[in-house]
Amino acid sequence: MISEGRLQQDIIMWFNNTHPEYRGLLCYNLNNSTGGRTAKMNKYLGVVAGRSDLVLYKGGVAYMIELKTLKGRQSTPQLAWESKVRAEGFDYNIVRSLEEFKDLISRIFF
C-alpha cells in the first residue's frame, strides 16, 4: 500500500508535469510540526490543526484536498476543519489515489 507521503509526491509531480501552466497553484499545507517548541511556534504563526494536505486554486475557487491511504481515516481535528470550510462554501475532497486526483482535476478543469 502506498503511503500518504508517496501519494502526495506522485500527485504533485503529475500535476506539475501535466499542467505546467498552473504550477504553483497546487499548494502543500505544512500541518505537521516536529517537536513541542516548533509546534507551539507554528500554532502562534497560524498553523491550524486538521487543515487539508493540499489546496488547489483555480478560477477564483479554492479546492481543499485531503490525502488518505486506502484504509486511512480523518482525525477529529480534520473532520472539524472539513465541517468549517464546507460551511463557508468551500469544496473539500478526500483523495486516496493518483487516479482519484486525476478524476478530480478533470471535474475542476473541464
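Which residues in helix 1 meet which residues in helix 4? The model is predicted: local features need pLDDT of at least 70, side-chain atom pairs count only at pLDDT 80 or more, and totals for chains, interfaces and linings use all residues. Residues are numbered from 1 along each chain as its sequence is written, and side-chain values use heavy atoms, without hydrogens and water.

L7, D10, I11, W14 and F15 in helix 1 meet L98, F101, K102, I105 and F109 in helix 4. Contact means heavy atoms within 4.5 Å. These residues divide into 8 nonpolar, no polar and 2 charged. Ala, Val, Leu, Ile, Met, Phe, Trp, Tyr, Cys and Pro count as nonpolar, Asp, Glu, Lys and Arg as charged, and the others, Gly among them, as polar.

Helices (H or I, at least four residues) and strands (E, at least two) are DSSP runs, numbered from the N terminus. Axes are lines fitted to C-alpha atoms, for helices over the stretch in contact, and angles run from 0 to 180 degrees between N-to-C directions.

An open sheet of 4 strands has the order 1-2-3-4, with mixed pairing. Two strands pair if DSSP finds at least two bridges between them. Strand 1 (26-28) and strand 4 (91-95) are the edges, each pairing on one side only. Strand 2 (residues 54-58) and strand 3 (residues 61-67) run antiparallel, joined by 5 bridges. V55 stands opposite M64 in strand 3. Helix 3 (residues 76-87) lies across strand 3 and strand 4, at about 145° to strand 4.
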